[in-house]
Amino acid sequence: KRRLVLSEDDYVNGVLKGDRMTLSRAITLIESNNSKHFAKAQRVLQRLLPHTGKALRIGITGVPGAGKSTIIEAFGNMLCDAGHRVAVLSVDPTSSVTKGSILGDKTRMGTLSRRQEAFIRPSPAGGTLGGVARKSRETMLMCEAAGYDIILIETVGVGQSETTVRSMVDFFMLVVLTGAGDDLQGIKKGIMELADAIVINKADGDNLLKAKVARAEYERMIEYIRPATEGWPTHAYMCSAYTKYGIPELWKVIQAFKEMTTESGVFNKRRNRQLLEWMYSMIDEHLHSLFFDDPVITGRMPEVKDAVLNGIISPTQAVKELVNMFDVDMAAR
Ligand code: GDP
């Protein structure tokens, strides 16, 4: 069944109206690796840009099984009840077309995915983390233009994905499990340093006592860590996605964060820094692929590699020669 091709105007108008079908298709355009689609998506995005930036962007990370999607479901439903429109995205560089994404799976957020006020989109499939990051950022902007005022971005700790999501959001939370001892070992200090809140989930039933112990433990650890956000003290909180205990409080914490950082200017400073970081990382990606896809470079590379491995030229000399060839080739185009 062939779908009607949408024009640039169709995309812009549909997204601005908050039409979910058009939004979905606009995101598919963003995610396409076809260069024609890419160019069209960029023109659409350019026109939507004035309508972006007004949402509160919240990142959520944690090991698989910590309860991220259950929390998102509870939290998202609460926000929708309060009149918000919530978009849930995920960043998962390990997802591929065939495997499907392990995150942001609609079946894992059953009640939220059925709501008109919510929009759930799984991670763009495959590719480099840089590629996934660009697509996710642009997807976030599309959702903002479509009127979603809360963006939740979920990621599982795969490689650098936490850092990537941190660089996209205003507030970042780390969801952890109780049973301190073993657990604490598994969480890298570097990840705690990114968090504006540490959320101990499953604080219910027999687990409540353990959650309290874990909370005290995390509070002690945080003391030795530089806060992720200037002027905002990171704390550990308890919640239960099952009983909803601590879920409204979590929202209060995030609102207090927004108020405080807006007041101090830290909120906007971070947004500006993120924009420039985004630009720089895209320059890196772009130059990297220009270089490694250059036919002159790919043609000469085996020879140069051999020369380096046989001690004929140093890596430094090899780089100098390759960059020189690249320069000449670029100039000739
Ligand atoms: P994710 O991999 O981090 O997204 O974790 P899930 O949200 O899929 O949750 C993993 C498991 O923990 C599931 O079996 C959930 O039902 C369970 N779970 C999630 N939240 C809670 C909670 O608040 N209390 C309890 N007891 N179990 C929970």
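This is a predicted model: local features need pLDDT of at least 70, side-chain atom pairs count only at pLDDT 80 or more; totals for chains, interfaces and linings use all residues.

The points below go from the chain as a whole to particular helices, the pocket, the salt bridges and the surface.

1. The chain holds 14 helices and seven strands, and its C-alpha atoms fill a box of roughly 65 × 55 × 40 Å when taken along the principal axes. Of the 333 residues in the chain, 48% are buried. The accessible surface amounts to about 17100 Å², with 57% of that area belonging to carbon and sulfur atoms.

2. Taking contacts between residues at least 6 apart in sequence, 77% join residues at least 24 apart.

3. Helix 1, which covers residues 8–17, has Tyr 11, Val 12, Gly 14 and Val 15 among its residues, and these four are buried. The buried residues of helix 1 pack against helix 2 (20–31), helix 3 (35–48) and helix 6 (129–145). Just after helix 1 comes Gly 18, whose phi is positive, at about 80 degrees.

4. Which residues lie nearest the centre of the largest pocket? They are Gly 130, Gly 131, Arg 134, Met 282 and Glu 285, out of a lining of 25 residues. Helix 3, helix 6 and helix 12 are the elements that each give two or more residues to this lining, and helix 6 gives the most, with eight residues. The volume of the largest pocket is about 620 Å³.

5. A search of the whole structure finds 16 salt bridges, and the pair formed by Asp 196 and Arg 166 deserves a look, their side chains meeting at 2.9 Å, N to O.

6. A second salt bridge, between Glu 217 and Arg 220, has its closest N and O atoms 3.1 Å apart. Here both partners belong to helix 10 (residues 208–222) and stand three residues apart, about one turn of the helix. An α-helix has 3.6 residues a turn, so residues three or four places apart point the same way. Glu 217 counts as partly exposed because its relative accessibility is 26%, and Arg 220 is likewise partly exposed, with a relative accessible area of 49%.

7. Lys 269 and Glu 230 form a further salt bridge, in which the closest N and O atoms are 3.5 Å apart. Lys 269 lies in helix 12 and Glu 230 in the loop between helix 10 and strand 7 (235–238), so this pair ties together parts that are 39 residues apart in sequence. As for accessibility, Lys 269 counts as partly exposed at 48%, whereas Glu 230, at 53%, counts as exposed. Elsewhere, salt bridges that share partners join Glu 8, Asp 9, Arg 43 and Arg 47 into one network.

8. Which residues make up the nonpolar surface patch of about 550 Å²? Leu 276, Met 279, Tyr 280, Ile 283, Leu 287 and Leu 290 form it. Leu 276 lies in helix 12, which spans residues 266–293, and with a relative accessible area of 47% Leu 276 is partly exposed. Helix 12 is also one of the elements that contribute two or more residues to the lining of the largest pocket.

9. Is Tyr 242 buried or exposed? At 69% relative accessibility, Tyr 242 counts as exposed, and its place is in the loop between strand 7 and helix 11 (247–264). Apart from neighbours within four places in sequence, Tyr 242 is in contact with Thr 70 and Asp 204. The C-alpha atoms of Tyr 242 and Gly 127 are 35 Å apart in space, and these two residues are 115 residues apart in sequence.

Key. Residues are numbered from 1 along each chain as its sequence is written. Side-chain values use heavy atoms; hydrogens and water are left out. Patches are made of residues with over 30% relative accessible area and no salt bridge: like charges are joined within 9 Å, nonpolar side chains (Val, Leu, Ile, Met, Phe, Trp, Tyr) within 5 Å. Accessible areas come from the Shrake-Rupley method with a 1.4 Å probe; for residues, only the protein chains shown count as cover. A salt bridge is a side-chain nitrogen of Lys or Arg within 4 Å of a carboxyl oxygen of Asp or Glu. Buried means under 20% relative accessible area, exposed over 50%, partly exposed in between (1.4 Å probe, protein chains only). Contact means heavy atoms within 4.5 Å. On a 1 Å grid over the protein atoms alone, a cavity is a set of points where a 1.4 Å probe fits but cannot get out, and a pocket is an open set with protein on both sides within 12 Å along at least five of seven lines; lining residues have an atom within 4 Å of a point. Grid points are joined across faces, edges and corners, and a volume is the space filled by probe spheres set on the points.
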